[in-house]
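Student: Could you take me through the aromatic rings in this one, slowly? I'd like a close look at how they sit together.

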Amino acid sequence: MSEMRVYDDTRGTARCRSCDAAITWFELTSGKRHPFDGEPVYVRTEHDDDRRIVGVIDTSVSSSHFATCPQAAGWRRR
């Protein structure tokens, strides 16, 4: 199982500007923003040093929209 840590208080829903799919945005604990298809599956929650809730997402069952969007290549930075 692969995991990704996100700040739970940064959750936001939107629609992809390319394919119009429903996505859920999170800020990763690394500071980057990341979109998921629909609602991701939490394995567990933790607290960081600042007492923020960190959700641990199971990436084997939660799809990254970067991987599934048909126009993802057009959004990649070099």
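**The aromatic rings**

Tutor: Let's start with Y42, which is partly exposed at a relative accessible area of 26%. Here buried means under 20% relative accessible area, exposed means over 50%, and partly exposed is in between (1.4 Å probe, protein chains only). Keep in mind that this is a predicted model: local features need pLDDT of at least 70, side-chain atom pairs count only at pLDDT 80 or more, and totals for chains, interfaces and linings use all residues. Residues are numbered from 1 along each chain as its sequence is written, and side-chain values use heavy atoms, with hydrogens and water left out.

Searching the whole structure turns up two aromatic pairs. Rings of Phe, Tyr and Trp (its six-membered ring) pair if their centres lie within 6.5 Å; planes under 30 degrees apart count as stacked, over 60 as edge-to-face and the rest as tilted. F26 and F36 make an edge-to-face pair, 6.0 Å centre to centre with 75° between the planes. That pair links distant parts of the chain, 10 residues apart: F26 is in strand β2 (residues 22-28) and F36 in strand β3 (residues 33-37). Strands (E, at least two residues) are DSSP runs, numbered from the N terminus. F26 is buried at 0% relative accessible area, and F36 counts as buried too, at 1%.

Now back to Y42: its ring centre is 6.5 Å from that of F26 and the planes are at 50°, so this pair is tilted. Since F26 lies in strand β2 and Y42 in strand β4 (residues 42-47), the pair ties together parts 16 residues apart in sequence. Put together, F26, F36 and Y42 form one aromatic cluster.

Definitions and conventions
Helix = DSSP H or I, 4+ residues; strand = E, 2+ residues; numbered from the N terminus.
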